[in-house]
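Please open the model in your viewer and keep the selection tool at hand. The tour goes stop by stop: each one says what to select and what is there.

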Amino acid sequence: MAVVGRPRRSCLAVPGSSVKMLGKAQGLPADQVFLDLEDAVAPLAKPDARKNIVAALNEGDWAGKTRVVRVNDLTTPWTYRDVIDVVEGAGANLDCVMLPKVQNAAQVQWLDLTLTQLEKTLGLEVGRIGIEAQIENAAGLVNVDAIAAASARVETIIFGPADFMASINMKSLVVGSLIPDYPGDPYHYILMRILMAARMHDKQAIDGPFLQIRDTDGFREVAKRSAALGFDGKWVLHPGQIDAANEVYSPAQADYDHAELILDAYQHYTSEAGGRLGAVMLGDEMIDEASRKMALVIAAKGRAAGMTRTSTFSPPAE
Ligand code: GLV
Ligand code: MG
């Protein structure tokens with residue numbers, strides 16, 4: 001798995017209509033911010049929100065953060081103006097455009113071509129602005145493979161649970177929580193389907209929001225489910241969710257140490273000096289090439305999160 005990409009353990013939603021929140025977000029420890037023109041902004045406030053976002057991107061200090069703008073979806077009258085105004089106004093200070101409620105590959109291709117036109121017009125490097133595709137309805141999920149493959153610009157596939165639950169008539173109002181009348185995890189299939197498409201095309205997979213913003217334990221519980229499957233991060237709607245997301249989507253220290261240990265041990269044992277062995281015991285565990293691949297995933301996540309190992313491998317004495 002090559003996918004590492006930009007860090008996105010915590011993706012902070014910031015309404016473009018709030019100058020105050022656009023300012024405050026800059027000082028928060030989220031890996032990514034997405035400045036919203038869509039559902040957190042009332043229709044009458046959208047024109048001003050575009051201006052606020054352009055000013056915040058150009059004048060703010062977003063050092064260390066992935067900068068994303070969520071435009072409105074392509075069934076609305078706003079998408080075109082959102083993309084043109086934001087990229088013309090602040091294209092050099094923008095990393096990705098997030099397209100919500102994506103239904104098919106053609107919508108991603110429209111955005112790709114429009115961004116290419118803008119980049120050429122503005123003298124920006126063609127392809128430097130990425131795309132984040134939000135899956136929020138049945139059509140999006142059914143077409144998720146084609147959506148992930150629609151453009152080299154696509155960096156992430158994001159689950160949008162609130163819109164998704166509404167679109168399929170799911171019988172719950174609490175995003176991420178289990179449903180009393182259903183014995184299993186109602187999100188498992190959706191999360192796995194998104195993850196398969198993302199991994200097949202070497203993209204990140206991001207989990208969506210948890211709306212009960214004061215319930216940090218609930219946030220952790222829901223986040224742990226997608227983190228366990230392999231998701232790279234989750235949206236955060238409130239500063240209080242950021243630390244939990246950064247922690248849940250980083251490996252535990254013991255797992256990170258163990259992964260680095262496996263990599264070192266396997267390198268040693270497969271070498272001439274280590275005996276050219278392909279399957280060996282490391283303590284009580286048998287490790288082989290597949291163990292190395294699993295360890296690489298955990299080690300890459302830990303390194304990307306800036307973790308340092310607390311143990312080292314020493315080959316057994318002769
Ligand atoms: C996010 O956009 C969602 O609908 O959950
Ligand atoms: Mg949504």
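Two residues are in contact when heavy atoms lie within 4.5 Å. This is a predicted model, in which local features need pLDDT of at least 70 and side-chain atom pairs count only at pLDDT 80 or more, while totals for chains, interfaces and linings use all residues. Residues are numbered from 1 along each chain as its sequence is written, chains are lettered from A and ligands numbered from 1 in the order in which they are written, and side-chain values use heavy atoms, with hydrogens and water left out.

**Stop 1: Arg-8**

Select Arg-8, in the segment before β1 (10–15). Helices (H or I, at least four residues) and strands (E, at least two) are DSSP runs, numbered from the N terminus. Leaving aside residues up to four places away in sequence, Arg-8 touches a set of residues including Asp-31, Thr-66, Cys-96, Glu-132, Glu-155 and Asp-232. Is Arg-8 buried or exposed? Arg-8 is buried, because its relative accessibility is 2%. Buried means under 20% relative accessible area, exposed over 50%, and partly exposed in between (1.4 Å probe, protein chains only).

Now show the side chain of Glu-155: a polar contact of 2.8 Å joins it to the side chain of Arg-8. A polar contact is a pair of N or O atoms within 3.5 Å; within protein, one must be able to donate a hydrogen and the other to accept it, and residues adjacent in sequence count only if both atoms are side-chain atoms.

**Stop 2: the magnesium ion**

Select ligand 2, the magnesium ion. Which residues coordinate the magnesium ion? Glu-136 (OE) and Asp-163 (OD) do, at 2.0 to 2.1 Å. The two are 27 residues apart: Glu-136 is in the loop between β5 (130–135) and α5 (138–142), and Asp-163 is in helix α7 (residues 161–167). Donors are N, O and S atoms within 2.8 Å of the metal (3.2 Å for Na, K and Ca); water is not among the atoms, so sites may look incomplete. Glu-136 is buried at 3%, whereas Asp-163 is partly exposed at 23%.

**Stop 3**

Select both cysteines. A disulfide is a pair of cysteine sulfur atoms within 2.5 Å, and the count here is zero.

**Stop 4: helix α4**

Select residues 105–122, the 18 residues of helix α4. From first C-alpha to last, α4 reaches 26 Å, close to the 26 Å expected at 1.5 Å a residue; the expected span is 1.5 Å times one less than the number of residues. Its buried residues include Val-108, Leu-111, Leu-115 and Leu-118. The buried residues of α4 pack against α3 (79–90), β4 (96–99), β5, α6 (144–149) and β6 (154–159).

Look at both ends. Asn-104 caps the N-terminal end, with a side-chain oxygen 3.2 Å from the backbone nitrogen of Ala-106. Gly-123 follows the helix and has a positive phi, near 75°.

**Stop 5**

Most residues other than glycine have a negative phi. Asn-169 has a positive phi, near 65°. Asn-169 sits in the loop between α7 and α8 (188–200) and is exposed at 66%. Asp-202 also has a positive phi, of about 65°. Asp-202 lies in the loop between α8 and β7 (204–207) and is partly exposed at 35%.
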